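Subject: Structure handover

Hi,

Here is the structure I promised to pass on. Have a look at it first, and then read on for what turned up.

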Amino acid sequence: MTDSKKRYIFKNNLKNILNNMIPGDEFMPCFSHAVKIETIIKKYLKNKLLLNLKKKKIKIFKKKDIEIYQKLLGNDILDTYFTSNSVINSLNLRKKYYLKDIKKENVFKLLKKAKHKKQFFRE
Amino acid sequence: MKKERTDILIIGAGASGAASAWNLSKLNLKIVCIDQGPLINKKEYSFNNKDREISKFKKFNIDPNQRKFDSDYPINNDNSPISISNYNAVGGSTLIYSGHYPRFHPSDFKTKEIDDIGSNWLFNYNDLEKYYNLNDKMVGVSGMAGDPAYPRINNLQSPLDIGYSGSLIARSFNKLGWHWWPSYAAIKKSNKFKKGIRPTVVETYLNKAVKNGVIIKPNSRVLKIKISKNKIATGVIYSNKRKEKRFLKASLILLASSGIGTPRILMNSKNKDFPNGLANNSGQLGKNLMLHPLGFVEGHFNKFLNSNEGPEGCSIYSHEFYETKKKRNFKRGYTIQLLKSPGPIESFHYLKKFKKINFGKSFFNDLFAYYGKTIPLAIICEDTPNKNNFIQLDHKNKDSDGMPGIKINYRLSKNSKKMLTHGIYHCKKLLNIAGAKSIKAFGPVKNTGWHLVGTAKMGTNKNNSVVNKFGQCHDIKNLFIIDSSIFPSSSGVNIASTVQAVSLMISDYIKKNFKRLIARND
């Protein structure tokens, strides 16, 4: 198998795994929609624990293998995912949606309602 | 060994060293400010960086034992429930601090007199007020005037937004009739950045000092302060980035290396005249370590509160339980601070620790059940001086120059324990009223030894203290300490504002008396 073919298979398998780990929801994109897989490939292409991913396209991963991949990739993919611009934008959209019905009172009004003594400190 | 010369040498370019460097830069003298850490590009430590959450655990980790940079020294926390947090670089811990910026209360300066606990200062709030005001102006402190917990504070910049969680907790404070107020912060409000813009002392003081001619020497660790036969400090031996040893001669030396860094240098500088550490005829050096035991109470809510946004530190605070009250079973008191909840990456790691999240289908369900839905409160307890809480040199663990590290020997007092219990109980009450569906609480929190106070205390004479009210060592007249080591009490608030105000006050004294102080050297 040529190197480019191996790389292609590796990329597809990795994409599959990463989207399995972070699948996305109604607001949040799945991993591959937020981060270019190429940025991850560079770091892990020569990793011995991921050698299997170069051999053939894997449709269903074994639970045991998934655990290994999660342990290996977990921190990196979290960091790259949550610092990507599209995820930051999605988090903002999500925030706006969930805050639309929540009341935020003005700080001056809140302070007016406080039952503070005139002087609280001791001279 | 190559020799250099300066009129004034400041050891440490953090909060206190930077303020004095700027204040003294108005004199027509050669001033060098030396620091063991590097000069870091401003862009790297901005709170508004996308990777801020990640860098908190890497380059800007608060724990020197995890960073293990060349500029760090080992700190052995085995004998303490609280471990030390700091940052060694030009700008010091202000590169990573939250920017919460309250002043001490007037009562903090006389706890012995009014509450029969701790030690009195040799000056009071009124003496320091002028310097608090100057420092607020230099730093650009935001907040709101009219706080009944303090004498009038003017010229504050617009207060920071207290957010949804602040608004919710403020309503609960009001229901209970407890004091609360928007936080004082060394952060400027910004429309662009939700966290605001938080300058460090590099921007507020050091850049201005450099314009006035002050020389900053990064990556230069002071190994020893040398003294003459007549007990006058003559200069320091330091090691530069290439580990070359140099002698820097100075007419006046100011130590500004924090509550553990300063005594460490003095202990490492011991000699025939001072076998227990330089300027330590009193035997007080390294003793009376105070750390602000911190309690943590976190309320979990059903609805999204966006509590992960806002200033890095505290958005509102309460001094309801700050002053001594006879009916309580402890003396002095604490601050309640409303903190920001963690961002998505930190939330994940937190949930992972409790096995409450996994990658896969449930990833976002698990994450968003926590993220932005919790309100964390911190209880900052006033600590009181105790000679059994002390630091010592750790000869087993050495820094990159072969100098001994520091060992912390610290126990919580009964007073602090009672205060923590009281604080946790009352924070739970507050969160319950706010509608929390569950509450977690614990304390003291391990990695919270930020505020390092009392290890070279000020006092009336050379038998009971290391320095006088101007930070001048009783034993070595041209050696000054300008950091929090000299504080006789800790207060129950973050110390940065007071550290800088005290540094400005001492450097004002040096400015006025420089010729006289130098004349003594002859």
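A:K43 sits in helix α3 (residues 37-44) of chain A; helices here are DSSP runs of H or I with at least four residues, strands are runs of E with at least two, and both are numbered from the N terminus. A:K43 has 11 C-beta neighbours inside 10 Å, so A:K43 counts as exposed. The cut-offs are these: a residue is buried if 20 or more other C-beta atoms lie within 10 Å of its own, exposed if 12 or fewer do, and partly exposed in between, with C-beta atoms placed from the backbone. From A:K43 to A:K6 it is 37 residues in sequence and 15 Å in space, C-alpha to C-alpha.

Before you go further: this is a predicted model, where local features need pLDDT of at least 70, side-chain atom pairs count only at pLDDT 80 or more, and totals for chains, interfaces and linings use all residues. Residues are numbered from 1 along each chain as its sequence is written, while chains are lettered from A and ligands numbered from 1 in the order in which they are written.

Now chain A as a whole. Its mean pLDDT (the predictor's confidence in each residue, from 0 to 100) is 87, and 100% of its residues reach 70 or more. Among its elements, the lowest mean, 76, belongs to helix α4 (residues 52-55), and the highest, 96, to helix α2 (residues 31-34). Chain A has seven helices and zero strands. Its C-alpha trace spans about 80 × 35 × 25 Å along the principal axes. The radius of gyration of chain A is 24 Å, whereas a compact globule of 123 residues would come out near 14 Å (taken over C-alpha atoms; the globule rule is 2.2 Å times the number of residues to the power 0.38). Of the 123 residues in chain A, 19% are buried.

Where do the two chains meet? In total, 31 residues of chain A are in contact with 36 residues of chain B, contact meaning that the C-beta atoms, placed from the backbone, lie within 7 Å. On the chain B side, the elements giving two or more residues are α7 (163-176), α10 (344-353) and α11 (363-368). The largest share, six residues, comes from α7(B). That side of chain B divides into 21 nonpolar, nine polar and six charged residues. Here Ala, Val, Leu, Ile, Met, Phe, Trp, Tyr, Cys and Pro count as nonpolar, Asp, Glu, Lys and Arg as charged, and the others, Gly among them, as polar.

One helix pair spans the two chains. The axes of helix α5 (residues 63-82) of chain A and α10(B) come within 9 Å and cross at roughly 150°, and α5(A) and α10(B) are therefore roughly antiparallel to each other. For reference, axes are lines fitted to C-alpha atoms, for helices over the stretch in contact, with angles from 0 to 180 degrees between N-to-C directions; under 35 degrees counts as roughly parallel, over 145 as roughly antiparallel, 65 to 115 as roughly perpendicular and the rest as oblique. In this pair, A:L78, A:D79 and A:F82 meet B:P344, B:I345 and B:F348.

Within chain B, α7(B) also packs against helix α12 (residues 414-434), at about 110° with the axes 9 Å apart. α7(B) and α12(B) are therefore roughly perpendicular to each other.

Finally, in helix α1 (residues 15-24) of chain B, 10 of the 10 residues are buried, so α1(B) is largely enclosed by the rest of the structure.

How values were computed: Two residues are in contact if their C-beta atoms, placed from the backbone, lie within 7 Å.
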